[in-house]
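Here's a quick briefing to read with the model open beside you.

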Amino acid sequence: MRTPVGDAYDVIVVGLGPGGEFAANKLAGAGLSVLAVDKHLAGGECPYYGCVPSKLMMRGATAVVEARHAPGVSGECDVRPDWKAVARRVARGTHGWDDTASVERLQERGATVLHGEARLTGARSVEVDGTPYSASRAVLLATGTSPAAPPIDGLADTPFWTNRDIVKVTDLPRTMAVVGAGPIGCELAQAFARFGVDVTLLEAGERILAKEEPEVSALMADVLRRDGMTVRSGVGISRVTHRDDGFVLTVDGEEVRAERLLVAAGRDTGLPAIGLESVGIDTEDRTFVDVDDHLRVRDDDGATVEGLWALGDVVGKGLFTHVAKYQAAVVIRQLLGEEGPAADYSAVPRVTFTYPEVGAVGLTEAQAREAGHDVRVGVVDIKDSSRGDLHGEGNDGLVKLVATGDRLLGGTSVGPMGGEVLAMLTTAVHAGVPVSVLKSMIYAYPTWHGVVRQALSALGGTAPQRDAPSPLG
Ligand SMILES: Cc1cc2nc3c(=O)[nH]c(=O)nc-3n(C[C@H](O)[C@H](O)[C@H](O)COP(=O)(O)OP(=O)(O)OC[C@H]3O[C@@H](n4cnc5c(N)ncnc54)[C@H](O)[C@@H]3O)c2cc1C
Ligand SMILES: NC(=O)c1ccc[n+]([C@@H]2O[C@H](COP(=O)([O-])OP(=O)(O)OC[C@H]3O[C@@H](n4cnc5c(N)ncnc54)[C@H](O)[C@@H]3O)[C@@H](O)[C@H]2O)c1
């Protein structure tokens with residue numbers, strides 16, 4: 001452990017989710033004295049309540065559905081899904097919600113780890129459960145988010161589940177209502193539906209997965225309905241009550257009943273609790289901490305708060321683990337005096353791990369038009385490709401490209417490997433690979449990423465070309 005000078009550490013990291021933990025490990029490993037503080041589990045939302053358990057659930061759900069495709073492609077297959085198997089993998093994958101390994105990793109690198117609630121008292125000082133600490137170089141705020149509860153009459157008095165509860169479920173309910181059809185709602189609803197739970201997905205907005213292209217929302221609503229779910233968008237939920245036999249939601253004046261209720265209606269950054277007023281930031285109407293492209297915190301006058309950085313979900317530049325770690329790397333370079341680019345969000349990839357996976361990067365068509373670009377669009381259904389044809393059942397998906405002139409602004413790839421196909425679109429958008437260069441490449445046959453070639457030829461309204469005549473007719 002590095003000994004701090006006086007009572008001051010070099011760096012204090014508040015919040016040890018993917019962003020804070022990564023920064024604390026790297027900075028301590030580089031020889032700085034680091035105080036690493038978390039009020040709950042070192043590791044944060046992703047490994048215990050987010051990415052890891054939800055992807056383990058999706059893996060189980062995908063295996064079930066792939067087995068159900070067997071009759072058309074490989075004969076009979078008797079599938080008897082058992083949630084206990086998933087629950088066991090989740091308990092293992094989350095280390096039984098125990099952060100000893102993360103804490104020890106930090107300590108081995110020389111950090112001092114404290115479990116406690118921190119509050120800023122100035123740019124380079126914090127209190128942890130009332131005890132003051134100061135940092136000679138920097139405080140890093142990486143306090144992340146917690147599940148938000150929408151202001152629905154009666155909801156707060158009911159035992160509804162959030163992502164933090166549902167990941168611990170060992171016995172499935174018969175019926176479940178889900179409020180919110182963003183990535184969390186869609187992933188978890190589909191996982192449960194594929195294990196036989198009768199799920200009703202309720203979305204207030206016009207469409208599910210509203211941050212994605214409209215074609216994606218329509219396709220995914222169709223897939224989820226074929227999974228046996230009831231999918232309703234544009235609904236108003238006015239009241240929730242709970243009795244022994246379950247929940248009753250008043251939805252557009254009618255009752256929806258369910259044994260369990262999952263609320264997946266967005267995230268809360270909890271800014272009033274972290275002491276931002278001590279550095280001139282009023283949190284009343286603010287959702288995220290304002291930062292410049294080096295993640296330095298700006299106060300209400302737009303001035304840089306010297307010695308204070310923020311990163312991860314709390315800055316709202318993309319609520320993803322990979323964004324939190326990317327931002328942490330930008331901050332680490334500055335604190336270690338290393339060269340490197342400022343943060344750039346023009347090619348942030350995102351993947352919703354439903355089946356099919358929904359991958360996207362850069363601008364959607366609507367965002368590109370709003371930004372004033374002269375937009376060209378190419379959309380291809382993956383069923384209209386050789387790989388889609390060969391795959392057979394389960395070949396739901398599409399590739400959509402958004403370009404202006406010879407420049408790719410964004411792309412979406414939905415399919416059994418939509419998140420993997422996204423890699424080439426991310427490279428293209430990030431590196432500014434011209435559309436003409438992408439068109440001149442050779443695409444392996446018959447691949448899912450080969451559909452990108454078809455979408456490139458569809459750009460600008462040209463009829464999409466198959467990669468070969470359908471071998472199955
Ligand atoms: C169900 C679900 C599935 C997800 N799936 C994915 C996925 O597949 N891929 C992906 O990229 N992202 C996914 N995410 C998002 C991802 O989990 C977050 O973007 C990521 O965890 C954010 O990291 P962070 O470092 O900002 O903070 P967080 O992970 O939110 O951690 C913040 C930490 O700060 C601590 N803290 C807060 N306030 C204080 C305080 N005052 N004092 C001390 N400690 C404090 C908290 O206890 C917490 O440990 C998912 C999220 C959820 C909920
Ligand atoms: N695979 C991934 O990378 C992944 C998976 C899960 C979550 N995440 C991250 O976590 C973030 C949060 O996910 P999320 O799904 O909670 O948030 P979200 O904001 O994307 O979706 C929440 C949905 O709830 C709806 N909603 C809000 N209030 C409602 C109400 N009263 N009734 C009905 N619907 C209501 C909203 O209209 C919205 O569509 C995402 O933005 C994403 O960045 C990522």
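Start with ligand 1: it is surrounded by 39 residues, and G15, G17, G44, G144 and G312 come closest. Keep in mind that this is a predicted model. The chain is assigned three pieces, namely domain 1 (8-43 + 99-145 + 269-335), domain 2 (155-266) and domain 3 (350-459).

**Around ligand 1**

**Around ligand 2**

- Ligand 2 has 26 residues around it, with G180, G182, I184, A265 and L319 coming nearest.
- Two or more residues of that shell come from each of helix 8 (183-194), strand 9 (198-203) and strand 18 (349-352).
- Helix 8 is the top contributor to the shell around ligand 2, giving four residues.
- By type, the shell around ligand 2 holds 16 nonpolar, six polar and four charged residues.
- Which domains each provide at least three residues to the shell around ligand 2? Those are domain 2 and domain 3.

**Domains and UniProt annotations**

- The C-alpha centres of domain 1 and domain 2 are 33 Å apart.
- An unreviewed UniProt entry puts the feature "domain: FAD/NAD(P)-binding" at residues 9-328.
- Across residues 9-328 you'll find 30% helix and 27% strand, with 19 Å between the end C-alpha atoms.
- Also from an unreviewed UniProt entry, the annotation "domain: Pyridine nucleotide-disulphide oxidoreductase dimerisation" spans residues 348-454.
- Residues 348-454 come out at 35% helix and 30% strand, and their end C-alpha atoms sit 23 Å apart.

- As background, strands of a sheet pair through backbone hydrogen bonds, either parallel or antiparallel.
- Here, five strands make an open sheet with antiparallel pairing, in the order 18-19-22-21-20.
- Strand 18 and strand 20 (376-381) are the edges, each pairing on one side only.
- On average, neighbouring strands of this sheet are turned by 10° against each other, ignoring direction.
- Four bridges link strand 18 to strand 19 (residues 357-362) in the antiparallel sense.
- To spot that pairing, find T352 and look across to V358, its bridge partner in strand 19.

**Strand 14 and its partner**

- Strand 8 (residues 175-179) and strand 14 (residues 260-263) run parallel and are joined by four bridges.
- A handy landmark is A177, whose bridge partner in strand 14 is L261.
- In a regular strand the side chains alternate between the two faces of the sheet.

**A glycine in a loop**

- G432 sits in the loop between helix 13 (418-431) and helix 14 (435-440).
- Why does G432 count as exposed? Because G432 has 12 C-beta neighbours inside 10 Å, and the cut-off for exposed is 12 or fewer.
- The C-alpha atoms of G432 and L409 are 8.6 Å apart, with the two residues 23 residues apart along the chain.

Terms used
Residues are numbered from 1 along each chain as its sequence is written. Chains are lettered from A and ligands numbered from 1 in the order in which they are written. This is a predicted model: local features need pLDDT of at least 70, side-chain atom pairs count only at pLDDT 80 or more; totals for chains, interfaces and linings use all residues. A residue is near a molecule or strand if its C-beta atom, placed from the backbone, lies within 6 Å of it. Ala, Val, Leu, Ile, Met, Phe, Trp, Tyr, Cys and Pro count as nonpolar, Asp, Glu, Lys and Arg as charged, and the others, Gly among them, as polar. Domain bounds come from an automatic or database domain assignment. UniProt positions are given in the numbering used here, feature names are shortened, and annotations may be inferred rather than shown by experiment. Two strands pair if DSSP finds at least two bridges between them. Axes are lines fitted to C-alpha atoms, for helices over the stretch in contact, and angles run from 0 to 180 degrees between N-to-C directions. A residue is buried if 20 or more other C-beta atoms lie within 10 Å of its own, exposed if 12 or fewer, and partly exposed in between; C-beta atoms are placed from the backbone.
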